[in-house]
Amino acid sequence: MSKSSPATQDGYLRIEHVTKRFMGVTAVENANISIARGEFFSLLGPSGCGKTTLLRMIAGFEFPTEGAIYMDGQDMSAVPANKRPSNMVFQSYAIFPHLNVHDNIAYGLRRLRLSRREVNRRVEEALAMIHLPGLGKRRADQLSGGQRQRIALARALVNRPKVLLLDEPLGALDKKLRESMQLELRELQRSVGITFVFVTHDQEEALSMSDRIAVMFKGKVLQVASPRALYEAPNCREVADFIGSINFFEATVRGQEGGDVILEAAGLGTVRANLPAEHGFISPGARVIAAIRPEKILLLADGNGQPGQSAVGVIGAHAYLGDRDHLQVALSGRKEPVAVAAQQIERALTARFDSGQKVTLGWDKAAMLVLPG
Amino acid sequence: MATSAISQSASQSAGTGARGGLRAWFLRSENARGYALMGPTLVIMFIALAAPLILLLLYSFWTQEGYTVNTTLTFDRYFDIFVNDTSENRLFWTLFQRSVSISGVVTLVTVLLAYPIAYYVAFHVKKYKFLWLILLTIPFWTSYLLRVFAWKIILGYQGVINSGLQSLGIIDAPLEFLLYNPTSIVITLAHAWAAFAILPIYVSLEKIDRTLLEAAADLGDGPWRRFWRITFPLSMPGVISAAVLIFVPTTGDYVTPELVGGTQGKMLANLIQIQFGKSNDWPLGAALALSGLAFVGLIVVFTVAAFRAAVSRVR
């Protein structure tokens with residue numbers, strides 16, 4: 001009954017060539033993701049990128065127009081939401097208003113015809129897990145946002161799903177609570193060992209919690225990688241731009257030298273950079289984008305710049321942020337100033353930065369990213 | 001009553017030298033604004049509801065003597081209805097029972113028929129919900145009396161159904177059980193009150209957060225379980241208000257049993273009407289009316305409480 005394609009057989013949750021169209025509008029286009037058992041996997045992207053639609057297809061609330069989803073080797077194409085081995089934590093939490101906390105959590109267990117004692121034991125266990133013991137009798141309308149969030153989590157986990165789906169579950173919480181819930185959620189995932197698929201538009205949240213992240217943009221999955229790889233080696237302009245901040249430079253490929261690529265970049269002149277892992281797009285004369293993150297740019301003593309890895313500019317705007325300084329440095333031959341984030345330690349070693357002061361910017365060639373134009 | 005309370009406290013605070021005068025006081029006081037808003041309605045309610053009720057209560061403690069009313073206070077009317085072995089006693093209980101069972105059936109039938117319609121409009125009509133609701137209320141654009149007459153024509157001995165079936169050769173003689181019995185009252189009232197069931201049920205269904213149904217599906221429930229565990233309990237307020245809205249006035253309905261009920265379909269209100277008309281015994285009529293009111297009230301309170309308790313056991 002279960003079809004499986006050999007290429008991605010190892011995936012516990014497999015999304016294969018999944019496309020979803022709503023009346024001519026493509027919400028998700030040819031998504032291919034394979035998620036391992038026990039992985040904390042995030043779908044990250046701006047609102048309207050299709051990440052929630054993809055999650056709803058995994059849950060069974062929507063069905064793919066093309067392609068298929070497999071859970072633990074089983075094709076889910078003809079399986080309705082109530083028969084899937086997944087549970088979901090909704091963005092609005094969807095706590096049943098007519099039931100108390102105990103009955104909310106026990107909702108999925110009732111169907112299993114367990115003894116009353118077994119249901120009570122599991123609910124108590126779940127309440128302890130979310131650090132809300134003894135809250136069972138509380139009415140749904142007497143709960144705070146944080147409590148609702150935890151109860152939604154307990155209500156899903158108490159069914160011991162193969163996959164837990166979370167639709168921006170921390171979005172409605174205030175910043176402090178959100179940060180502590182991030183840690184707690186990650187700890188919980190490690191201890192229960194259930195595969196989590198977490199949808200968020202908050203890149204910091206995704207980076208700090210996930211084993212791997214799929215970045216989505218306008219319905220397409222652009223890159224699937226670990227948080228570190230996404231930040232250090234984005235594969236396109238959209239991913240680089242969405243995660244962290246970054247300076248982009250229009251550039252032309254001049255040639256290759258050893259393992260390096262030589263570029264001519266507007267405002268920087270001739271630049272040397274490492275050859276990216278996937279470099280099919282690099283050929284002499286090709287238009288590409290050179291990119292570097294603000295914190296990877298160093299402020300050097302005058303004249304210490306290495307050729308191909310430095311530029312001279314004039315400090316424009318300057319913001320003091322305590323642990324770091326944010327500078328805007330104007331380069332000749334480029335309209336937009338370059339953003340530089342100078343850390344405290346670096347600042348102590350060099351002189352004060354003043355607007356109008358001339359500085360030399362330097363960087364490691366590994367920090368200069370080359371992206372398709 | 002309410003207006004005098006306002007002017008009284010207004011003059012008090014004016015007397016203590018409130019800053020900004022009456023206008024500022026009015027803006028500061030939540031209560032004053034509330035009463036001002038309700039004022040006109042309260043006055044009408046008092047004149048048209050409280051005053052007649054008090055008058056009715058007074059009458060029920062008086063005695064009819066020929067063409068005059070003896071205003072000595074007495075419980076005799078209530079004794080006649082509840083204690084003494086009188087024709088009033090037997091009539092009251094027979095007709096009260098019949099009224100309650102007829103309108104109980106009417107309520108049940110109407111709510112059961114209205115629920116699917118309300119459900120359909122709330123959950124499956126996407127675009128023209130408002131149009132649907134307007135269309136559902138079209139029967140109410142005709143007067144109540146005309147609708148009852150219409151049913152009389154449809155159900156009558158030579159009515160639409162009988163002549164239709166006869167001309168098709170399905171029956172030889174007209175069916176007599178269609179008109180002038182409790183069934184025809186149920187049919188007529190169920191149709192007459194349909195919109196009063198559909199609208200409140202629709203509103204409560206419409207308010208249900210659709211995510212809750214997705215959550216129930218996600219937790220393993222198929223469509224039926226989802227309905228009984230989420231949709232139905234959450235539509236309770238609508239079902240209860242529909243039931244009360246229909247049960248209370250139909251128990252006291254007088255036009256429909258008079259026109260389509262026949263002798264077997266006489267209800268409590270017909271007996272009361274006779275006291276205020278032919279029999280000319282207003283005190284007895286008043287006592288009958290208030291007794292009916294009290295018992296219907298009790299039935300409603302207990303039924304609603306029992307229904308609520310039953311539904312809250314659904315988990």
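Nine residue pairs are in polar contact between chain A and chain B, counting pairs with both residues at pLDDT 80 or more. Since this is a predicted model, please read what follows as a description of that model.

**Where the two chains meet**

On the chain A side of this contact, β6 and α2 (101-110) each supply at least two residues. Of the elements there, α2(A) gives the most, with four residues. Sorted by class, the side of chain A that touches chain B has ten nonpolar, seven polar and six charged residues.

Chain A brings 23 residues to the contact, and chain B brings 19 residues. Together the two chains bury about 1900 Å², with carbon and sulfur atoms giving 58% of that area. Two salt bridges cross the interface of chain A and chain B. One of them joins A:Asp103 to B:Arg315, with 2.7 Å between the closest N and O atoms.

**A look at A:Ser86**

Strand β6 of chain A covers residues 86-89, and A:Ser86 lies in it. Is A:Ser86 buried or exposed? A:Ser86 counts as buried because its relative accessibility is 1%, and buried means under 20%. Leaving aside residues up to four places away in sequence, A:Ser86 touches A:Ile58, A:Ala59, A:Met71, A:Pro161, A:Val163 and A:Leu165, along with B:Asp218 from the other chain. As for distance, the C-alpha atoms of A:Ser86 and A:Arg117 are 25 Å apart, and the two residues are separated by 31 residues along the chain.

**Where the two domains of chain A meet**

Chain A also has a contact within itself. Its domain assignment gives domain 1 (6-237) and domain 2 (245-372). The centres of these two domains, taken over C-alpha atoms, are 39 Å apart. Seven residues of domain 1 are in contact with nine residues of domain 2.

The rule finds one salt bridge across this domain interface. In chain A, A:Lys296 forms a salt bridge with A:Glu232, and their closest N and O atoms are 2.5 Å apart. Helix α7 (residues 227-232) gives the most to the side of domain 1 that touches domain 2, with three residues. That side of domain 1 has four nonpolar, one polar and two charged residues.

| Interface | Buried area | Share from carbon and sulfur atoms | Residue pairs in polar contact (both at pLDDT 80 or more) |
|---|---|---|---|
| chain A and chain B | about 1900 Å² | 58% | nine residue pairs |
| domain 1 and domain 2 of chain A | about 730 Å² | 52% | three residue pairs |

Notes: Residues are numbered from 1 along each chain as its sequence is written. Chains are lettered from A and ligands numbered from 1 in the order in which they are written. This is a predicted model: local features need pLDDT of at least 70, side-chain atom pairs count only at pLDDT 80 or more; totals for chains, interfaces and linings use all residues. Side-chain values use heavy atoms; hydrogens and water are left out. Buried means under 20% relative accessible area, exposed over 50%, partly exposed in between (1.4 Å probe, protein chains only). Contact means heavy atoms within 4.5 Å. Buried area is the accessible area (1.4 Å probe) that two parts lose on being put together, summed over both. A salt bridge is a side-chain nitrogen of Lys or Arg within 4 Å of a carboxyl oxygen of Asp or Glu. A polar contact is a pair of N or O atoms within 3.5 Å; within protein, one must be able to donate a hydrogen and the other to accept it, and residues adjacent in sequence count only if both atoms are side-chain atoms. Ala, Val, Leu, Ile, Met, Phe, Trp, Tyr, Cys and Pro count as nonpolar, Asp, Glu, Lys and Arg as charged, and the others, Gly among them, as polar. Domain bounds come from an automatic or database domain assignment.
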